Amino acid sequence: MGIWEQTGSDVRLDWGAEGVTALGRECAVLVVVDVLSFGTTTDLVVGRGGRVLPVRRRDERGVAQARAAGAVIAGEGEFTLRPSSVTEIPPGTLLALPSPNGATLCDAAAATGAHVLAGCLRNASAVAAKAHELGGPVGLIAAGERWGVNVFGQSETSGPLRPCAEDQMGAGAIAAALAGLGRSLSAEAALAARSVDVAALANCVSGRELIEAGHGGDVALAGQIDVSGTAPVLTEGVLG
């Protein structure tokens, strides 16, 4: 008992929706880490005084509810899932942000009853400090990617989880900051903490994919570490 939950460690790490299920059984705090691009975009929006409403991928009902709540829908105008699209977003904007990984996992994490935060490299120390303040075991959920999904495209397929370097690094940066606050790390979290190498972001599969598609600016924004003091917390379905 407790093997999958990594019982006995203050800070734990797992991947994707299955990781939410496993760690959500014991963790008081779940941090969803999706560096390219949901977590970084959320950090930028919140850092400018906005809020993010996560919407599951291809959830037309969720989009309709967000629109009824007065949210701006990412992808329907100048603002998208791309971090570079929100660097000048007006303060006070409520941005509905559909994504196949980060937004979907935030919704799943909320269903466990845990406090939910959105983390990335930019806000790693701030998110760690907030998670520490909230208390209890902290579960780091590295979002990963899905085989067959083009995050900026319209593909209808959604394959199995593909663990990816950028979310390993993002979760590792948060784990390292929590260790600095005196929290004990599971083996999984400790290994991630030793893997942080932001210079590698442009050369990992996801980084290369974005750069080759002309989105190198998004990779550069995502690769900045500890430049933000935001710690987006999900409250009544909204990150702010």
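Taking a disulfide as a pair of cysteine sulfur atoms within 2.5 Å, the count comes to zero disulfides. Cys106 is in no disulfide, and the nearest cysteine sulfur, that of Cys120, is 12 Å away; Cys164 is in no disulfide either, the nearest cysteine sulfur being that of Cys204, 7.3 Å away. With buried meaning under 20% relative accessible area, exposed over 50% and partly exposed in between (1.4 Å probe, protein chains only), Cys106 counts as buried because its relative accessibility is 1%, and Cys164 is buried at 5%.

This is a predicted model, in which local features need pLDDT of at least 70 and side-chain atom pairs count only at pLDDT 80 or more, while totals for chains, interfaces and linings use all residues. Residues are numbered from 1 along each chain as its sequence is written, and side-chain values use heavy atoms, with hydrogens and water left out.

Helices (H or I, at least four residues) and strands (E, at least two) are DSSP runs numbered from the N terminus, and two strands pair if DSSP finds at least two bridges between them. On these terms, four strands form an open sheet in the order 1-7-2-6, with parallel pairing. Strand 1 and strand 6 (115–119) stand at the edges with a single partner strand each, so one side of each is left without a neighbour in the sheet. Strand 2 and strand 6 run parallel and are joined by five bridges, and Val31 stands opposite Leu117 in strand 6.

Helix 3 (residues 60–68) has Gly62, Val63 and Ala66 as its buried residues. They cover an arc (that of the directions from the helix axis to the C-beta atoms) of only 100° around the axis, which puts them on the same side of helix 3. The face turned away from this buried side carries the exposed residues Glu60, Arg61 and Ala68.
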